Amino acid sequence: MSKSPIRSVKGTQDILPDQSTRWQDLELTIQKIMDCYGYKEIRTPAFEHSEVFSQGVGEETDIVSKEMYSWTDQGGDNLTLKPELTAPVARSFIQHNLGVQNSINKLYYIDALFRRERPQKGRYRQFHQFGIEVFGSENPETDVEVIALAMHVFHKLGLKELTLQLNSIGSPECRNNYRNAIKNFLAPHFDQLSQTSQDRYNNNPLRILDTKSPDEKEILKDAPNISNYWTIDDKNHFDEVCNLLKHIKIDYQLSPSLVRGLDYYTRTTFEITSNELGAQNAICGGGRYDGLVEKLGGKPTPGIGFAAGIERLLLASSSDNKIRNIQIYIVGIGNDVRPTMINLAEELRSNDIRTSFDYLRRSIKAQMREANKLGAQYAIIIGEDELKDKSVIIKDLSTSNQEKITLDLVQKYMKSLPL
RNA sequence: GUGGGUGUAGCUCAACUGGUUAGAGCACCGGAUUGUGGUUCCGGAGGCUGUGGGUUCAAGUCCCAUCACUCACCCCA
């Protein structure tokens with residue numbers, strides 16, 4: 001245990017070299033798949049004006065009401081470290097008139113987010129998501145492509161035991177009617193509801209459906225089902241989404257209580273869970289938000305997207321950390337050879353050969369040990385004798401064979417080796 | 001915000017119901033005749049037992065507080 005008083009902030013974590021290559025591999029996989037689907041990366045600032053979230057995500061949501069890192073800067077601006085990315089991407093989409101340049105915009109991101117919650121397995125205060133947002137299409141094939149893309153990534157990462165849960169929360173009219181129906185239904189039971197559910201009754205009654213309290217679940221057993229409040233268009237849309245999913249053989253579970261916590265959702269909502277995680281088992285959540293762009297001051301534009309938690313993906317997948325080992329380790333004997341060593345190293349690196357050498361002027365034995373520890377394929381040994389006759393010894397560390405060659409032939413020689 | 005669990009070496013863990021100088025494995029550094037790694041053998045370094053108080057002849061061990069980590073609730077990625 002370190003006595004040092006200076007530590008990383010609670011809920012944040014360092015990604016050390018023994019993990020960082022896993023992150024790089026994951027990011028590379030995501031980038032390749034995004035490329036295949038024709039999505040372009042968008043990068044937005046780490047912080048935004050707080051209204052982006054209070055208006056876009058909704059004042060009554062947990063994220064905005066109790067989880068944001070917000071502050072007033074020296075100029076008096078109210079700023080917030082982004083706790084989610086759909087609203088900032090929508091803001092950027094509006095600000096730069098992306099909808100005018102292209103009728104469809106398919107965007108993706110890999111980014112860090114911040115929420116002040118009690119940390120837990122798979123939940124951190126700074127965490128990372130990758131996700132996509134599609135602006136400009138309200139048609140069901142868009143919904144299905146978005147879901148298919150998410151599944152594609154997860155399968156590529158070797159995730160098993162995934163469940164896709166699917167629901168439609170309908171259009172705004174439908175939600176209004178349904179909201180009233182829920183309130184009417186719950187009114188006689190109001191006194192039996194928990195404090196939070198009573199609050200939600202007024203603010204966001206649909207969220208009560210998400211409760212995990214057995215008592216409330218019992219009450220909700222006979223609650224009205226949202227599907228009875230869909231408009232014809234809502235129903236057709238959802239049916240098409242389901243049919244297309246079946247068509248491309250993606251299994252799903254209907255989940256009428258999946259209402260999603262954020263205000264901007266309309267129609268399709270979905271969540272993908274992994275049973276290889278703890279309580280925080282959602283690795284991906286998303287849905288359609290046809291009203292968001294307009295709500296943030298843009299022209300009415302349909303949209304849909306998802307976000308997936310990278311820490312959770314890494315927890316659920318068991319991929320190895322593939323360290324890219326050094327290929328050549330240069331061993332030098334005596335201080336006179338140092339200039340030759342560093343020069344040789346630079347030349348090898350110019351030829352894209354991963355090369356390192358000893359900085360501590362240690363014994364040859366220690367240097368050889370280091371070469372082995374670093375997983376080098378070859379050691380190049382330069383001592384006083386070699387310096388004199390302008391040669392080096394090249395030793396294959398897997399076979400222990402070694403041979404002496406002249407210094408000016410090293411580059412050519414290395415190219416002939418199976419590196 | 002609420003509850004449970006855990007704090008001993010860089011890491012994983014020992015130390016019988018309180019009883020000498022707190023141990024081991026891994027990792028690290030060095031050595032096993034001169035300029036050669038992995039396996040083996042030998043050696044070395046590394047701890048105010050999270051912190052503060054209390055009980056006791058005696059505390060890593062018991063009690064209290066505090067801090068940190070962790071899991072869970074709420075909610076979500």
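This is a predicted model: local features need pLDDT of at least 70, side-chain atom pairs count only at pLDDT 80 or more; totals for chains, interfaces and linings use all residues.
## Domains

Chain A is divided into two parts, of which domain 1 is made up of residues 17-171 together with residues 231-316, while domain 2 covers residues 328-416. Between the C-alpha centres of domain 1 and domain 2 there is a distance of 50 Å.

## Helix 1 against helix 6

Two packed helices are described by the angle between their axes and the distance between the axes. For helix 1, which spans residues 17-37, and helix 6, which spans residues 140-156, the axes come within 10 Å and cross at roughly 145°, and the crossing of helix 1 past helix 6 is right-handed.

On the side of helix 1, the contact is formed by Thr29, Ile30, Ile33, Met34 and Tyr37, and these meet Glu145, Ala148, Leu149, His152, Val153 and Lys156 of helix 6.

## Cysteines without disulfides

When the whole structure is searched, zero disulfides are found. A disulfide would require a pair of cysteine sulfur atoms within 2.5 Å, and the sulfur of Cys36 has its closest cysteine sulfur in Cys284, at 18 Å, which is too far for a bond. The sulfur of Cys284, in turn, has its closest cysteine sulfur in Cys242, and because that distance is 17 Å, it is again too far for a bond.

Cys36 is exposed, with a relative accessible area of 71%, whereas Cys284 is buried, with a relative accessible area of 2%.

## Two residues with positive phi

Most residues other than glycine have a negative phi, and most peptide bonds are trans. Arg361, however, has a phi near 55°, which is a positive value in a residue other than glycine. Arg361 belongs to the loop that runs between strand 13 (355-357) and helix 14 (364-373), and with a relative accessible area of 52% Arg361 is exposed.

Lys390 likewise has a positive phi, near 50°, although Lys390 is a residue other than glycine. The loop that holds Lys390 lies between helix 15 (384-388) and strand 15 (391-396), and Lys390 counts as exposed, at 60% relative accessibility.

Key: Residues are numbered from 1 along each chain as its sequence is written. Chains are lettered from A and ligands numbered from 1 in the order in which they are written. Side-chain values use heavy atoms; hydrogens and water are left out. Domain bounds come from an automatic or database domain assignment. Axes are lines fitted to C-alpha atoms, for helices over the stretch in contact, and angles run from 0 to 180 degrees between N-to-C directions. Helices (H or I, at least four residues) and strands (E, at least two) are DSSP runs, numbered from the N terminus. A crossing is left-handed if the near helix is turned anticlockwise from the far one by less than a right angle, and right-handed if clockwise. Contact means heavy atoms within 4.5 Å. Buried means under 20% relative accessible area, exposed over 50%, partly exposed in between (1.4 Å probe, protein chains only).
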